[in-house]
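Let's take a quick tour of a protein model, looking at charged pairs and then at open space. Keep the 3D view handy as you read.

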Amino acid sequence: MLEIANRERDRVRMFATVNPNYPDHALREIERCTNRGAIGVKLLASRRADDPLLDPIAELAGKHRLPVLHHVWQQRTREWPSQEISDGVDLANLAARHTGTTFILAHIGGGGDYMHTFRAVADVPNIYPDLSGSGVDRGMLDAAVAALGPRRLLWGCDLTMCTGLAKLRALDTIGLRPPEIEDIRWRNAMRIFPANSFERCVAAQ
């Protein structure tokens, strides 16, 4: 990914992906990747989001102003190998311990009770849910905006690119003002990622 991001600098950015079960390696990897242009940290969902093992990672990410992406399963009840169940409550606990770090909650359309998630993170301002995931329920985006406001939401497409496109277009139809649509589509990302992460976007304004 580092090689791709370097080669395709006009189009591609990357996260450092780390496993919290190996905290020493995770910290070294964050430093290595940040020095080579990484703009965020993606945590493998191999520990519950509020586990203390995540604290050093969250602290270092905050130091470098790197947002931390963590998958949230939204009240999922079944454990999977190497994927401990984490929901909005767990991520909110971690974010409350690290108020200087930004967290990306992935993904409200990833399955489960997103209304539960909205309630869990509404009062934790350093959590930014992304809109991606394979679910495209009618009312999902409206509920997200009502619960969190347009400055707390990030557009994303995840693996299912078509659903990301559907949500991108749906933002035009749910009653948002043009500046609010721009917040969700790109401005919020500009705010939470390190400075100069998206030089091309800035130059286009």
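How many salt bridges does a search of the whole structure find? The search turns up eleven. Bear in mind that this is a predicted model. As background, side chains of opposite charge can pair when their charged atoms come close.

**Asp90 and Arg48**
- The side chains of Asp90 and Arg48 meet in a salt bridge, at 3.4 Å from N to O.
- Asp90 sits in helix H4 (residues 88–97) and Arg48 in the loop between strand S2 (40–43) and helix H3 (55–63), so this pair ties together parts that are 42 residues apart in sequence.
- Asp90 has a relative accessible area of 9%, which is under the 20% cut-off, so Asp90 counts as buried.
- Arg48 comes in at 32%, between the 20% and 50% cut-offs, and is therefore partly exposed.

**Asp55 and Arg97**
- Another salt bridge joins Asp55 to Arg97, and their closest N and O atoms are 2.9 Å apart.
- Here too, distant parts of the chain get linked: Asp55 belongs to helix H3 and Arg97 to helix H4, 42 residues apart.
- Is Asp55 buried or exposed? Asp55 is buried, with a relative accessible area of 19%.
- Arg97, with a relative accessible area of 39%, is partly exposed.

- Asp183 pairs with Arg191 in a salt bridge whose closest N and O atoms are 3.0 Å apart.
- Asp183 is buried, at 7% relative accessible area, while Arg191 is partly exposed at 33%.

**The largest pocket**
- Now for the empty space: rolling a probe the size of a water molecule over the atoms shows where some is left.
- The largest pocket holds about 970 Å³ of space.
- Its lining is made up of 28 residues, and those nearest the centre are Phe15, Trp155, Gly156, Cys157 and Phe193.
- Strand S3 (68–71) and helix H8 (178–192) each supply at least two residues of this lining.
- Which element gives the largest share of the lining of the largest pocket? That's H8, with five residues.
- Sorted by class, the lining has 18 nonpolar residues, six charged ones and four polar ones.

Definitions and conventions
Residues are numbered from 1 along each chain as its sequence is written. This is a predicted model: local features need pLDDT of at least 70, side-chain atom pairs count only at pLDDT 80 or more; totals for chains, interfaces and linings use all residues. Side-chain values use heavy atoms; hydrogens and water are left out. A salt bridge is a side-chain nitrogen of Lys or Arg within 4 Å of a carboxyl oxygen of Asp or Glu. Helices (H or I, at least four residues) and strands (E, at least two) are DSSP runs, numbered from the N terminus. Buried means under 20% relative accessible area, exposed over 50%, partly exposed in between (1.4 Å probe, protein chains only). On a 1 Å grid over the protein atoms alone, a cavity is a set of points where a 1.4 Å probe fits but cannot get out, and a pocket is an open set with protein on both sides within 12 Å along at least five of seven lines; lining residues have an atom within 4 Å of a point. Grid points are joined across faces, edges and corners, and a volume is the space filled by probe spheres set on the points. Ala, Val, Leu, Ile, Met, Phe, Trp, Tyr, Cys and Pro count as nonpolar, Asp, Glu, Lys and Arg as charged, and the others, Gly among them, as polar.
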